[in-house]
Amino acid sequence: MNPSQTGLQKRETGIAGLDSATRGGLPSGQATLVLGEAAAGKTVLCVQILARAVERGEGGVFVTFEESPAQVRRDAASFDWGAGLLDSDRWQLIDARPHPEAEGAGEFDIEGLLSAVTAAAGSVASWVIFDGIDQLLQHQPNRHAAIEQIRRINDHCETHDRAVLLTGKARADSPAPDRLEGIEFLLSSSLLLSAHVLHQKLNRSLRITKYRGSAHVTDEMPMLIDDQGIQLPYHEAPPVGRVAASSERLSTGIPRLDSLLGGGIHRGSSALVSGRPGTAKSTLAGSFAEARAREGERVLYISFDELEAAYVRNLASVGIDLATPIARGAVRFQDFSAYTSSVTEHFLAIRRLINGFAPDCLVIDPLSALLKATATEGAHLATEQLVDLARRRGITTILTALSGVEDPEGEATLGDVSTLADTWIVVGYNERGGERNRSLSVVKSRGSAHSNQQRELILSDSGLDLADVYESGSEVLMGTARAMKEREDREHERQRQLERERRRLDLEQRILQTEAERQRLEAEREHLDQTSGETDQLEHNYRVDMRRRRDPDHDPGSVGDDLVADEGTHR
């Protein structure tokens, strides 16, 4: 990097969250002040930055004014990256601690120390760390002279184009170490690390109090120190690229619930199942996990309520087999105790599980357990980050949450998580006639036409199911009331069927009677037609015979006319 370049140049720290919060790292060619109280993590931060630089093939110098070189090495060895740092020859450790019996007389010049740093740094050093600089400068009798020493350090790093970190103890009433008031105006960037006890547990945080010429996160950021060193879990850069919205529907394992949701939930979306204790939230989540594992997908199941063995046994009682997919690795079950860790620690653990297992689906049961953890003011942030993380990675997520009696839908209790979920299902109790039955309703389902009808949720040996909606007027009946109403309706329907059958038989009998009468009348008509023809013929023959007798010489063909004429005359 050319020091003659104009504009701010940055060096990556190798701490993902810090690089994201600073938009690329800390300034190169400038000094950064790192302040913090005891146990806040100042030295760990600096050693970790140096270790990551060594991993990238860079180098550095670590100047200690407080801890011994052996202690610095022991501290580094306790982290995953410590061995790589200690085995490397790309860094130098300088012991600059003032001798405990030394007595100061007048002002001193830091130039000699800078010359030693330059000699140790060589050509590969990109980072120089002065750890506990306030321990040295407290021996400077003149405050202005002490600040002038800091200026010379800053000028030195600019000349050699190195990123310099100066650590010091924070004062409660000042953004600068003791006797160094005004240094905060001199340097272009500073970090403040804090450590405070909340609910008997130590909580750490980091804040970028100043960063000239660069956009940066100004909020106080929760910070953790574990085997991997400093972690800023909520500020790692999200995956690059647009997230596609899938139209594929995934089954919940309950066909009738899928039907209510328009075919299931969208792949990559999130669904919240909230309700009071005992309303089968975990059972619904287990049904989803089994259904997805049956389709060959990987499911990460995070439980804050139950241990794996007990949970698998309980699901088996309602026909849900989670033991088989767990045994073949399709389902990863991980139980946590909400009380033993902070919200941020839980979030980091879950994110690492997601990174390691690469699930297609994620279940967190119940998410509301984060409210029990320490630092509960971060529960909403952790929830948002988890939902966003899963959504950006295309992971289909089922979240369960506990709601209270006075808040049955649970929106207030859940820290507004219901506004984040794409689908919200509420399970509860329908109490009537001294009986309590489970109910289920869909509050919302983005991008889906869905039923707004409350249905009875039935648990049996063969699994979960939803009963048909059974209404009595404006009321939906469940349990015994539904069974009694069904019996009444079945009896009423049976009576209707009997009455309909009786009426049908009566009509058939009348049809048969009508048919017999019709046949009789037709026979009578045929008989009448036949007898009428015979009578007419007999009359005709009689008249012909009578005419012949009266007039033997008359033409027989005119007999009828003559008879007619005679009849007319006779009349």
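This is a predicted model: local features need pLDDT of at least 70, side-chain atom pairs count only at pLDDT 80 or more; totals for chains, interfaces and linings use all residues.
The rings of Tyr-234 and Phe-347 have their centres 4.8 Å apart and their planes at 40°, so the pair counts as tilted.

## Other aromatic contacts

Seven aromatic pairs are found in the structure. One of them is stacked: the rings of Phe-79 and Trp-81 lie with centres 4.9 Å apart and planes at 10°, and planes under 30 degrees apart count as stacked. Both Phe-79 and Trp-81 are buried.

Tyr-301, Tyr-311 and Phe-333 make up one aromatic cluster. A charge also meets a ring: the charged end of Arg-298 sits over the ring of Phe-357, 4.0 Å from the ring centre.

## The largest pocket

The volume of the largest pocket is about 410 Å³. Its lining consists of 25 residues, and those nearest the pocket centre are Gly-278, Lys-281, Ser-282, Asp-305 and Glu-306.

By residue class, the lining of the largest pocket holds 10 nonpolar, nine polar and six charged residues. At least two lining residues come from each of helix 10 (281-294), helix 11 (308-316) and strand 18 (396-402).

Conventions: Residues are numbered from 1 along each chain as its sequence is written. Side-chain values use heavy atoms; hydrogens and water are left out. Rings of Phe, Tyr and Trp (its six-membered ring) pair if their centres lie within 6.5 Å; planes under 30 degrees apart count as stacked, over 60 as edge-to-face and the rest as tilted. Buried means under 20% relative accessible area, exposed over 50%, partly exposed in between (1.4 Å probe, protein chains only). A charge sits over a ring if NZ of Lys or CZ of Arg is within 6 Å of the ring centre and within 35 degrees of the ring normal. On a 1 Å grid over the protein atoms alone, a cavity is a set of points where a 1.4 Å probe fits but cannot get out, and a pocket is an open set with protein on both sides within 12 Å along at least five of seven lines; lining residues have an atom within 4 Å of a point. Grid points are joined across faces, edges and corners, and a volume is the space filled by probe spheres set on the points. Helices (H or I, at least four residues) and strands (E, at least two) are DSSP runs, numbered from the N terminus. Ala, Val, Leu, Ile, Met, Phe, Trp, Tyr, Cys and Pro count as nonpolar, Asp, Glu, Lys and Arg as charged, and the others, Gly among them, as polar.
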